[in-house]
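Have the sequence and the coordinates open as you read.

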Amino acid sequence: MVRRRWPGSALAGPCAGIIALSFVSTGARAEEGAPPRWQVDVKAAYVVLGASATRATGGIMPSVTGMHRWPLRDAVDVGLGADAGLFGLGGDARWLGFLGGPAASARVVPFRAPVSLEFTARLDFGRIPVCNAWGLCLRYLGFFPAAELGAAYLSTQHVAVVATCGVRFIRTLAWSGVSVEPAAAGRIFW
């Protein structure tokens with residue numbers, strides 16, 4: 001019997017493992033009052049990229065993040081998922097770029113109030129526009145990892161409002177450094 005290989009089978013193994021891990025149940029799912037397992041964030045960040053805001057090539061970056069969460073303790077959980085976004089919308093942008101990749105987060109609820117503190121790390125791959133000091137703007141393809149700290153306010157049982165501030169590490173021929181990304185997001189979870 002001859003087995004045919006799917007052309008993308010080299011990537012299918014790791015991707016299938018991450019997807020399968022997302023569906024693993026932790027046991028207490030059917031219980032009344034079980035914590036939500038899935039969340040989707042719709043975020044708008046303002047990216048400041050460059051030595052000064054006058055020649056920044058960031059702009060508005062809308063993105064969507066989907067994540068599966070696993071509780072570790074009553075007030076602590078971790079999440080694994082992916083995000084995708086557009087890079088460079090707005091008046092300062094020279095060209096449109098895109099970013100997307102895996103994301104991992106840890107969340108803690110330090111008080112009995114409906115507020116959580118979060119840390120998220122992203123390994124984004126994509127194409128972003130970067131301008132040098134002389135105004136030459138090129139789009140660069142590569143990995144642009146990011147880290148962000150945030151706070152979320154649970155407004156209802158399945159909706160939250162999130163404020164974050166992140167940094168993205170960028171290394172290109174035109175410019176290397178860190179972009180700053182303050183953001184606001186809406187979250188639904190179930």
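## Starting at R122

R122 is buried, with a relative accessible area of 9%; buried means under 20%, exposed over 50% and partly exposed in between, using a 1.4 Å probe and counting protein chains only. You'll find R122 in strand β5, residues 115-131. Strands here are DSSP runs of E with at least two residues, helices are runs of H or I with at least four, and both are numbered from the N terminus.

So what does the side chain of R122 make polar contacts with? One partner is the side chain of T65, at 3.4 Å, and another is the side chain of D83, at 3.3 Å. A polar contact is a pair of N or O atoms within 3.5 Å; within protein, one must be able to donate a hydrogen and the other to accept it, and residues adjacent in sequence count only if both atoms are side-chain atoms. Leaving aside residues up to four places away in sequence, R122 touches K43, T65, D83, P102, A103, P145, A146 and E148, where contact means heavy atoms within 4.5 Å.

## What kind of model this is

This is a predicted model, in which local features need pLDDT of at least 70 and side-chain atom pairs count only at pLDDT 80 or more, while totals for chains, interfaces and linings use all residues. Residues are numbered from 1 along each chain as its sequence is written, and side-chain values use heavy atoms, with hydrogens and water left out.

As for confidence, pLDDT is the predictor's own score for each residue, from 0 to 100. The chain averages 80, and 73% of the residues score at least 70. Among the elements, β4 has the highest mean pLDDT (96) and helix α1, residues 9-22, the lowest (44). Over residues 1-32 pLDDT stays under 50, and the model has 18 contacts beyond four places in sequence for that stretch.

## The barrel

The chain has 1 helix and 8 strands, in the order α-β-β-β-β-β-β-β-β along the sequence. A closed barrel of 8 strands runs β1-β2-β3-β4-β5-β6-β7-β8 with antiparallel pairing. From one strand to the next, the twist averages 25 degrees; axes are lines fitted to C-alpha atoms (for helices, over the stretch in contact), and angles run from 0 to 180 degrees between N-to-C directions.

Of the 190 residues in the chain, 36% are buried. Among contacts with a separation of 6 or more, 53% are between residues 24 or more positions apart.

## Strand β3 and its neighbours

Two strands pair if DSSP finds at least two bridges between them. Strand β2 (residues 59-71) runs antiparallel to β3, joined by 9 bridges, and the two form a hairpin with 4 residues between them. On the other pairing, β3 and strand β4 (residues 97-108) are antiparallel over 12 bridges. As for individual partners, V64 bridges to A84 in β3, L86 to F98 in β4, and L80 stands opposite A104 in β4.

In a regular strand the side chains alternate between the two faces of the sheet.

## A loop residue

A113 sits in the loop between β4 and β5. A113 is partly exposed, with a relative accessible area of 36%. Between A113 and L154 there are 41 residues in sequence, but 9.0 Å in space from C-alpha to C-alpha.
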